[in-house]
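The following account is intended to be read with the sequence and the three-dimensional model side by side. Please keep both in view while following the paragraphs below.

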Amino acid sequence: MPELPEVETTRRGIEPWLVGRRIERLVVREWRLRWRVPRSLPRRVAGAIIRTVGRRAKYLLLATDAGTLIWHLGMSGSLRILDAAAPALVHDHVDLVLDSGRCLRFNDPRRFGSLLYTADDPARHRLLAGLAPEPLSDTFDATALWRRARARRASIKSLLMDSRLVVGVGNIYASEALFRAGIRPGTAAGRVSRARMAALVAAIRAVLEEAITVGGTTLRDYVNPSGMPGYFAQRLFVYERAGKPCRRCGTPIRQYTQGSRSTYWCPRCQR
DNA sequence: ATGGGCACCTGGCTGC
DNA sequence: TGCAGCCAGGTGCCCA
């Protein structure tokens, strides 16, 4: 489910409820997530104060006095702030109970999410160490991406989904950014000119920022920490619009599948 | 090294 | 109404 805008919306939503709070306890009802939740985690973080709520790519980083929680929402995960006494419903796998009487509750039907821990610098964690720069920072640079893409035969769309080259962009925003940049998703990455790569980098930034401002994209089940959907679905140009007229030129939007992933594009606006 | 495909899971929808 | 089949926002890993 969540791509960078949804994770960032979640981060902003939970941050004011967490920073400075003490963790009363961590309740794990289901340990079998993408990776097994470490058995020692409840014991390690109990009593710790939460200092910052950060994000790296699609990972949320809850830094405490006792190490950092690394939380990923997977495809169907969401985090909400609730009264700690609220009864747990199906797929409510984890509660981080705070000294305020609230809790941060993790719900994830498909269990592709994960909750991990590190006592060290999270940037050096094996899942984070090899990630590309943050797309909304100055370190995300078109020239560097163009150089790395030059020798690649894979499609530009699959490159956007490769976290060693670009992070934060998933299946929705890959199609949307390519539409905005006017690039066909099947184009070999190595054949995208430097100028067009610059346009693509700008499009990625723009689409992610725009989505964040409206709380992300809710297609099926994403909700923010208050339980509300995001409104970017109304602004999608191509995603899940196969056969519908392009919002820019009226040509029917096309769709193709690669490895069970759908890609959407406009045959007229994208060359 | 690169590219492509699979696996991990549940639930919702479609069509027979 | 029931059920099989397909699809879904991520991503690490395996294999050619």
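**A guided reading of the model**

A57 is placed in the loop between β2 (50–56) and β3 (59–64); helices (H or I, at least four residues) and strands (E, at least two) are DSSP runs, numbered from the N terminus. The model is predicted, so local features need pLDDT of at least 70 and side-chain atom pairs count only at pLDDT 80 or more, while totals for chains, interfaces and linings use all residues. Residues are numbered from 1 along each chain as its sequence is written, chains are lettered from A and ligands numbered from 1 in the order in which they are written, and side-chain values use heavy atoms, with hydrogens and water left out.

Although A57 is not a glycine, its phi is positive, about 55°. Most residues other than glycine have a negative phi. A57 counts as buried because its relative accessibility is 5%; buried means under 20% relative accessible area, exposed over 50%, and partly exposed in between (1.4 Å probe, protein chains only).

H91 also has a positive phi, about 70°, without being a glycine. The loop that holds H91 lies between β5 (78–83) and β6 (92–98). With 33% relative accessibility, H91 counts as partly exposed.

Around DNA strand B stand H91, P109, R110, R111, F112, R152, R153 and A154, where a residue is near a strand if one of its heavy atoms lies within 4 Å of it. Of the atoms of DNA strand B that come within 4 Å of the protein, 66% belong to sugar and phosphate. The surface near DNA strand B comprises three nonpolar, one polar and four charged residues. In this division Ala, Val, Leu, Ile, Met, Phe, Trp, Tyr, Cys and Pro count as nonpolar, Asp, Glu, Lys and Arg as charged, and the others, Gly among them, as polar.

R110 places a polar side-chain atom 2.9 Å from a base oxygen of DNA strand B.

Which residues touch the most other members of the largest nonpolar core? In this core of 41 residues, they are L200 and I204; a nonpolar core is a set of buried Ala, Val, Leu, Ile, Met, Phe, Trp, Tyr and Cys residues joined through side-chain atoms within 4.5 Å. At least two residues of this core come from each of α3 (142–149), α4 (156–160), α5 (171–181) and α6 (194–213). The largest share, nine residues, is that of α6. Leaving aside residues up to four places away in sequence, L200 touches I156, L160, A177, L178, A181 and I183, contact meaning heavy atoms within 4.5 Å. A second, separate core of 27 residues includes V28, I50, V94 and F106.

α5 is mostly covered, with 10 of its 11 residues buried. The cover over these buried residues includes α1 (4–18), α4, α6 and β10 (261–265). After α5 comes G182, whose phi is positive, near 70°.

The cysteines complete the picture. The whole structure has zero disulfides, a disulfide being a pair of cysteine sulfur atoms within 2.5 Å. For C246, the nearest cysteine sulfur, that of C269, is 3.7 Å away. C246 counts as buried, at 5% relative accessibility.

Notes
A polar contact is a pair of N or O atoms within 3.5 Å; within protein, one must be able to donate a hydrogen and the other to accept it, and residues adjacent in sequence count only if both atoms are side-chain atoms.
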